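Open the model in your viewer and keep the selection tool ready. Each stop gives a selection, then what is there.

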Amino acid sequence: MSGLERKQLPGVLKPTLYELLLEPDYTAQRFTGHVSISCDVVAPSRAIELHSKFITIQTAVVESRGIRTTLNETAISYDELQETVRLNLETEYAPGESIKVELAYVGRFKENLEGLYQAKYTIKDDNDIEIEHSLAVTSLEPTYARQVFPCFDEPELKAEFIISAVVDQTSLCRSNMPIECTHRLPHSKKLVVFEKSVPMSTYLVAFVSGPLSEIKSEKSRIPLSVLCPIGTEKQAEFALDLAAKGLQLFEELFGSLYPLPKLDLVAVPDFSAAAMENWGLVLFKTTYLLLDPDDSALETEQLITETVLHEISHMWFGNLVTMKYWDGLWLKEGFATLMAWMATDMLHPSWKTWDKYVLNDLQSALELDSLEASHPVEVFIADATEAKQIFDDISYRKGCCVLKMISNELGWDNFLNGIKLYLDRNRYGSTESVDLWSALEEATGEPIKEKMYMWTKETGHPMVRVIEVLDDETKEVKALNLLQERFTTSGASKFKCPPPVYPLRIGVRSESGVEMIEMRQQVITIETPRRKFLKVNADHDGFFRTAYSASHLQKLAHAAVEGHLSVRDSVGLLCDLRALVSAGINQSSDLLDISLSLRPMTDYLVWETINRNLQSIHTAFKFSGRPITDALNRLTGDVLGVKAHELGWVIADEDDATQLALKSSMFGGAGLAGDQRIVSEAQKMFSKRVEGDEKAIPASLRWEVFGIVAKFGGREELEALFDIWTSSSSEEERYMALESLGRAGNAELVRWVLSHAFTSSVKDQDLYLLVWHMGSSEHGALELWSWFKQSWGRIEQSIPIVLQSMMLGVTLDGLGTFDHHYDVKSFFSRQDTKKYLKVLKQKLEALENRVTWAGRDTDNIKEWLARHGYLEE
């Protein structure tokens with residue numbers, strides 16, 4: 001197969017209608033199905049080829065020209081490698097004809113949460129006896145519809161659906177469309193028939209059935225509800241109210257009504273993704289939908305808000321207008337990420353969403369994009385089964401960043417006009433990136449296509465070096481030379497010749513305001529007479545890194561402390577410097593000097609960035625010996641401890657969002673670094689919680705307290721955390737406890753934590769959270785890697801590929817020596833890595849970069865720590 005060939009169905013048939021009947025059988029761990037597919041013939045054919053996996057067809061009938069033909073077994077052949085089934089016909093069908101394919105079949109529940117599977121949860125009855133409930137749930141993106149029904153499993157091949165299900169009479173049953181009718185059947189069963197859908201892709205088909213509660217909105221234009229496990233109704237109220245607001249907001253923004261007659265959001269106890277935007281029936285992992293409105297952390301509210309709004313925006317971006325193939329994944333995910341941030345900011349302006357964007361989404365995108373093993377936003381996908389590998393920070397976050405950059409250049413209103421045109425023109429259709437650029441160009445008159453080629457078709461982004469040009473006589477800065485080059489963390493990019501030139505529109509901030517500069521060539525000079533400071537990439541609206549001289553950095557730090565830079569400027573400055581240090585362009589001492597020089601600032605995000613920079617240095621030097629790591633801990637404790645004690649940790653009613661976040665960040669950072677007073681306070685709060693006082697730990701400090709107690713406690717504390725995981729009624733508290741266990745303070749305790757893997761206490765889907773923080777310590781990282789090698793076969797068998805990749809990433813992110821790098825390469829050389837090869841290459845490159853950073857800067861960091869009294873020379 002050549003590099004540009006795509007593994008797709010032959011393209012001789014176009015489906016128009018699926019009539020699908022499903023009947024789950026929990027006892028037999030399987031389901032039976034019947035699908036009738038009406039198709040238009042678009043090319044001559046004597047065969048019908050469909051996607052099908054883990055399905056056994058029992059009968060096959062083809063109807064055409066008024067004749068029904070039953071196929072015998074020899075006419076049906078399966079290709080497991082291609083994930084298809086072929087029906088060989090005796091008659092050739094010609095273009096313009098219509099045929100109907102009717103298949104009765106049997107499928108099986110998968111334990112890895114793909115296709116149609118069984119989810120479980122338990123509740124306690126009035127006698128405190130646990131009762132287990134089972135749900136039938138679908139998860140079909142990107143290529144798992146073929147595990148539920150034979151189909152044309154490609155996003156462009158949209159069709160209408162009439163879905164029916166046979167379920168228990170007591171079960172609540174939902175699909176994409178409203179229920180049309182219900183029929184009582186023998187054996188306590190019922191047949192539920194849903195209305196015909198609008199045209200949609202197979203990956204958006206959804207079905208859920210089982211014992212669930214439902215709460216309904218009274219504030220929505222259409223029927224809107226949240227379905228949740230019995231007993232969690234109160235925890236679903238926040239999401240229900242948010243969904244009503246989000247739906248109305250997007251209808252107004254897009255000038256287009258949500259096109260379906262209802263919308264359900266479902267909290268699923270077993271789900272591999274955070275959420276999935278099935279049209280009309282959006283499924284969420286419980287932790288991304290449920291929270292206690294009277295006792296939840298601000299961060300949890302923000303996470304649920306962004307997730308719910310992301311999924312609702314998909315009703316337009318992805319569902320109403322769908323990418324033609326998985327190359328265009330970014331078209332829906334980049335848009336949904338952008339719109340979630342936009343809507344969050346509009347609904348909660350006090351959360352300072354766009355300031356957080358610079359620290360979080362922008363950095364995640366830049367970091368992955370700086371690797372040689374990264375990929376373009378729009379990457380050719382030859383085999384749809386490999387599409388899961390690009391559900392990453394490039395498709396989601398770089399896609400979002402590129403769109404935000406465009407919206408900044410065009411202006412939000414102009415950008416939105418182009419989006420409305422794009423949606424209207426392609427309603428119920430499928431698109432490629434060029435369709436978006438055409439709509440934006442038509443709506444705004446601005447040339448977009450050529451400019452966007454570098455940002456979506458090529459891997460990487462630029463670094464702009466800022467070189468001050470001094471006046472010969474006065475020695476004042478009279479101009480800036482700006483030089484752009486591709487930035488890579490390895491510092492050894494395989495540059496094209498000539499080097500790439502990125503089309504940049506750069507904001508330059510000074511005491512006089514922000515001046516916009518166009519950069520369309522490798523080097524430009526801008527005149528800057530009599531400016532006290534010059535900050536390139538104002539507010540970090542551009543997708544690039546900026547490198548300054550040491551003296552220029554000091555000027556900018558002073559300007560930040562004096563209040564002349566925005567929060568985004570200050571955060572972005574520190575984040576850029578961290579990336580430049582990891583690439584060897586600056587030294588670790590520069591990062592420490594500039595980070596600590598911003599301590600007079602009071603904004604939460606600046607302090608959170610200082611905290612993260614200190615943690616990045618600790619991560620890089622984690623395997624450089626106890627003297628260095630102990631010194632870095634003392635430094636972190638001093639820096640964050642002073643701020644934590646200044647703020648205190650009493651959560652007051654008058655604390656706004658930023659004050660809450662700052663208190664929790666400093667309390668957690670100083671406590672994890674070993675501040676004795678904070679560690680003692682955390683242990684006291686935790687003891688009261690264990691004794692039964694569920695309000696002993698403020699919600700905004702719960703994650704921090706759990707982490708501190710896990711790190712500095714023993715087996716007793718870990719057992720108490722595990723008991724909270726297994727028994728708490730709060731989803732938020734349960735998962736915070738689980739995630740904290742990985743901070744266990746020594747190798748023996750880490751092994752105790754790992755002993756709960758692959759047991760009934762920790763579901764396979766939650767395994768990555770159990771180990772999430774193990775890599776933060778040297779002993780944890782080594783124990784995790786040893787366990788990982790022994791357990792990888794089991795992980796591959798029982799965990800969905802997206803979570804396999806997360807497990808791989810979490811494990812490798814904790815390592816940091818050349819021996820580790822060799823061991824990882826050696827281990828995976830004996831594995832079939834096709835399904836996660838991209839992630840493996842990225843994590844290996846990142847590991848190599850960390851090793852290089854530590855080796856390059858060991859003397860530098862030792863000298864700095866000694867000079868500041870943290871390390872004996």
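**Stop 1: β3 and β7.** Select residues 45-51 and 84-93. These are strands β3 and β7, joined by six bridges and running antiparallel. Two strands pair here if DSSP finds at least two bridges between them. Helices (H or I, at least four residues) and strands (E, at least two) are DSSP runs, numbered from the N terminus. Show L50: V85 in β7 stands opposite. Strand β3 is mostly covered, with five of its seven residues buried. Buried means under 20% relative accessible area, exposed over 50%, and partly exposed in between (1.4 Å probe, protein chains only).

A note on the source: this is a predicted model, where local features need pLDDT of at least 70 and side-chain atom pairs count only at pLDDT 80 or more, while totals for chains, interfaces and linings use all residues. Residues are numbered from 1 along each chain as its sequence is written, and side-chain values use heavy atoms, with hydrogens and water left out.

Stop 2: Select 160-168 and 189-194. Strands β11 and β14 run antiparallel, joined by five bridges. V167 stands opposite K190 in β14. T182 has V192 in β14 as its bridge partner. Three residues lie between the strands of the β13 and β14 hairpin, where H187 takes a positive phi near 60°.

**Stop 3: the second largest pocket.** Grid points are joined across faces, edges and corners, and a volume is the space filled by probe spheres set on the points.

Colour the contributing elements next. β9 (115-124), β10 (130-139), α18 (715-727), α19 (731-740) and α22 (778-798) each supply at least two lining residues. β9 gives the largest share, seven residues. By class, the lining of this pocket holds 15 nonpolar, 16 polar and 13 charged residues. Ala, Val, Leu, Ile, Met, Phe, Trp, Tyr, Cys and Pro count as nonpolar, Asp, Glu, Lys and Arg as charged, and the others, Gly among them, as polar.

**Stop 4: the largest cavity.** The structure holds three cavities of 30 Å³ or more. The largest has a volume of about 50 Å³. Select F317, G318, V321, T322, M323, L331, K332, F335, Y422 and T431, which line it. β21 (322-323) and α3 (329-347) are the elements that give two or more residues to this lining. α3 gives the most, with three. The lining of the largest cavity divides into six nonpolar, three polar and one charged.

**Stop 5: the cysteines.** How many disulfides are there? The count comes to zero, taking a disulfide as a pair of cysteine sulfur atoms within 2.5 Å. Select C181: the nearest cysteine sulfur, that of C173, is 12 Å away. C181 is partly exposed, at 26% relative accessibility. Then select C575. Its sulfur is 12 Å from the closest cysteine sulfur, in C401, too far for a bond. C575 is buried, with a relative accessible area of 1%.

**Stop 6: an open sheet.** Three strands lie in the order β26-β25-β28, with antiparallel pairing. β26 (513-519) and β28 (535-536) each have a single partner strand, so one side of each is left without a neighbour in the sheet. Strand β25 (residues 504-510) pairs with β28 over two bridges. V508 has V536 in β28 as its bridge partner.

Stop 7: Select L662 in helix α15 (residues 657-672). L662 is buried, at 3% relative accessibility. Leaving aside neighbours within four places in sequence, L662 is in contact (heavy atoms within 4.5 Å) with T602, Y604, W607, K643 and L647. End at S700, in the loop between α16 (676-690) and α17 (702-712). S700 is buried too, at 12% relative accessibility.

Technical notes
On a 1 Å grid over the protein atoms alone, a cavity is a set of points where a 1.4 Å probe fits but cannot get out, and a pocket is an open set with protein on both sides within 12 Å along at least five of seven lines; lining residues have an atom within 4 Å of a point.
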